[in-house]
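Keep the 3D view open as you read.

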Amino acid sequence: MLGPFLVFALAVAFTVAGVIGCGVGPARMESIVTYGDGERTFEGVIVVPRREADKKRPAIVIAHDFLGLGDYQKAVAHRLADKGYVVLAADIYGQGVRPKSNDEANRLALSLRGDVPTMRRRMMAAYQLLTSQPGVDSSKVVALGYSIG
């Protein structure tokens, strides 16, 4: 029979091990990346699963909503990486271009919606960056978009 102190000590040890992960580290790795389309520089986030790092994986490009690349798209990228995908949360507006209001976001989004060649060029730049990453199976890539994406 375990004494109350021993039960408490074991509970604390298991809780601490769960919080710090026993030194294993996260199941995914996030990197901020810059890339270009020949006219502008963009800043996106790539999230890669760590398990079986030498295995080629399917990949997903996430195009943000009208508010620009933010925490929501990054969280989705992490959830998808947890499922085994290499994910690029792409930037469609440009490095440092982050709307500060809905009006500004609407102006940016509407300008891109009316310029299909620019939108296509920017998405192709994101696709090319993602497919050039080690561990990406370039025959298994999809795009996921929100609002303007």
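Start with the side chains of glutamate 39 and arginine 121, which meet in a salt bridge with an N to O distance of 3.0 Å. A salt bridge here is a side-chain nitrogen of Lys or Arg within 4 Å of a carboxyl oxygen of Asp or Glu. The two partners come from distant parts of the chain, 82 residues apart: glutamate 39 sits in the loop between strand 1 and strand 2, and arginine 121 in helix 4. Helices (H or I, at least four residues) and strands (E, at least two) are DSSP runs, numbered from the N terminus.

Before going on, a word on what you're looking at: this is a predicted model, where local features need pLDDT of at least 70 and side-chain atom pairs count only at pLDDT 80 or more, while totals for chains, interfaces and linings use all residues. Residues are numbered from 1 along each chain as its sequence is written, and side-chain values use heavy atoms, with hydrogens and water left out.

Back to arginine 121. Its side chain also meets that of aspartate 37 in a salt bridge, again listed at 3.0 Å, N to O. Aspartate 37 lies in the loop between strand 1 (28-36) and strand 2 and arginine 121 in helix 4 (residues 116-131), so this pair ties together parts that are 84 residues apart in sequence. Put together, Asp37, Glu39 and Arg121 are linked in a network of salt bridges. How buried or exposed are the members? Glutamate 39 counts as exposed because its relative accessibility is 63%, arginine 121 is partly exposed at 25%, and aspartate 37 is buried at 12%. The cut-offs are under 20% relative accessible area for buried, over 50% for exposed, and partly exposed in between (1.4 Å probe, protein chains only).

Helix 4 has 16 residues and reaches 22 Å from its first C-alpha to its last, close to the 22 Å expected at 1.5 Å a residue; the expected span is 1.5 Å times one less than the number of residues. Its buried residues are Thr118, Met119, Arg122, Met123, Ala125, Ala126, Leu129 and Leu130. They cover an arc of only 145° around the axis, which puts them on the same side of helix 4. That arc is taken from the directions from the helix axis to the C-beta atoms. As a reminder, an α-helix has 3.6 residues a turn, so residues three or four places apart point the same way. The face turned away from the buried side of helix 4 carries the exposed residues Pro117 and Arg120. What covers the buried residues of helix 4? The cover includes strand 1, strand 2, strand 3, strand 4 (86-90), helix 3 (102-113) and strand 5.

With a relative accessibility of 27%, glutamate 43 counts as partly exposed. Leaving out residues up to four places away in sequence, glutamate 43 touches Ile32, Val33, Thr34, Tyr35, Leu69, Asp91, Gln95 and Arg98, where contact means heavy atoms within 4.5 Å. The side chains of glutamate 43 and glutamine 95 are joined by a polar contact of 3.2 Å. A polar contact is a pair of N or O atoms within 3.5 Å; within protein, one must be able to donate a hydrogen and the other to accept it, and residues adjacent in sequence count only if both atoms are side-chain atoms.

Two of those neighbours pair up themselves: the side chains of arginine 98 and aspartate 91 meet in a salt bridge at 3.4 Å, N to O. Aspartate 91 counts as buried at 1% relative accessibility, and arginine 98 as partly exposed at 25%.

Another buried polar residue is worth a look. Histidine 64 is placed in the loop between strand 3 (57-63) and helix 2 (71-82), and counts as buried at 0% relative accessibility. A polar atom of the histidine 64 side chain lies 2.9 Å from the backbone nitrogen of isoleucine 92.

Finally, zoom out. The protein chain has 4 helices and 5 strands, running α-β-β-β-α-β-α-α-β from the N terminus on. Of its 149 residues, 34% count as buried.
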